[in-house]
Amino acid sequence: LYETDPTCLYVNFGFWGSVASTAPEGTVNRRIETRVEQLQGKKSLYSSAYYSEEEFDRLYNREAYQRLKDRYDPRGVLGTMYGKCVQRQ
């Protein structure tokens, strides 16, 4: 749902654990999400995400997604990508 540059090197990394903190859940992830966007990268959506719906739609091409969703899941049986990736539904 988003284009990548085939001439560009991308690095995929993830975190599989956490350190105890008094910060609200998602604080560090939000900092990472912001920095990834600043670097013109894309966060893989297999990990927890904390985007607002508007930000998610902009970054992950809501328009193209909605066309596919309308065609292949017109009754919304499968839920939404935002619901699965951010709201954990």
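Lys69 pairs with Asp73 in a salt bridge, with the closest N and O atoms 2.4 Å apart. A salt bridge here is a side-chain nitrogen of Lys or Arg within 4 Å of a carboxyl oxygen of Asp or Glu. Lys69 is buried, at a relative accessible area of 12%. Asp73 is buried as well, at 9%. Buried means under 20% relative accessible area, exposed means over 50%, and partly exposed lies in between (1.4 Å probe, protein chains only).

This is a predicted model: local features need pLDDT of at least 70, side-chain atom pairs count only at pLDDT 80 or more, and totals for chains, interfaces and linings use all residues. Residues are numbered from 1 along each chain as its sequence is written, and side-chain values use heavy atoms, with hydrogens and water left out.

**Salt bridges**

Side chains of opposite charge can pair when their charged atoms come close. The whole structure holds eight salt bridges. Three of them are set out below.

| Pair | Closest N and O atoms |
|---|---|
| Lys69 and Asp73 | 2.4 Å |
| Glu33 and Lys43 | 2.8 Å |
| Arg62 and Glu53 | 3.9 Å |

Take Glu33 and Lys43, whose closest N and O atoms are 2.8 Å apart. Glu33 lies in helix 1 (residues 27–38) and Lys43 in the loop between helix 1 and helix 2, so the pair ties together parts that are 10 residues apart in sequence. Helices are DSSP runs (H or I, at least four residues), numbered from the N terminus; strands (E) need at least two. Glu33 is buried at 1% relative accessibility. Lys43 is buried at 10%.

Arg62 and Glu53 form another bridge. Arg62 is partly exposed, at 31% relative accessibility. Glu53 is partly exposed too, at 37%.

Salt bridges also link Arg30, Glu33, Lys43 and Glu55 in a network. Glu55 sits in helix 2 (residues 53–59). It is buried, at 12% relative accessibility. Leaving aside residues up to four places away in sequence, Glu55 touches Arg30 and Glu37. Contact means heavy atoms within 4.5 Å.

**Aromatic rings**

A pair of aromatic rings is described by the distance of the centres and the angle of the planes. Rings of Phe, Tyr and Trp (its six-membered ring) pair if their centres lie within 6.5 Å; planes under 30 degrees apart count as stacked, over 60 as edge-to-face and the rest as tilted. The count comes to five aromatic pairs.

Tyr2 and Tyr60 make an edge-to-face pair, 5.6 Å centre to centre with 75° between the planes. The pair links distant parts of the chain, 58 residues apart: Tyr2 is in the segment before helix 1, and Tyr60 is in the loop between helix 2 and helix 3 (62–72). Tyr2 is partly exposed, at 36%. Tyr60 is buried, at 3%.

Tyr51 and Phe56 have ring centres 6.2 Å apart and planes at 55°, so this pair is tilted. Tyr51 is buried, at 3%. Phe56 is buried, at 3%. Tyr2, Tyr51, Phe56, Tyr60 and Tyr82 form one aromatic cluster.

Rolling a probe the size of a water molecule over the atoms shows where empty space is left. On a 1 Å grid over the protein atoms alone, a cavity is a set of points where a 1.4 Å probe fits but cannot get out, and a pocket is an open set with protein on both sides within 12 Å along at least five of seven lines; lining residues have an atom within 4 Å of a point. Grid points are joined across faces, edges and corners, and a volume is the space filled by probe spheres set on the points.

The structure holds two cavities of 30 Å³ or more.

The largest pocket has a volume of about 1,000 Å³. It is lined by 34 residues, and Phe13, Phe15, Asn29, Ile32 and Lys43 lie nearest its centre.
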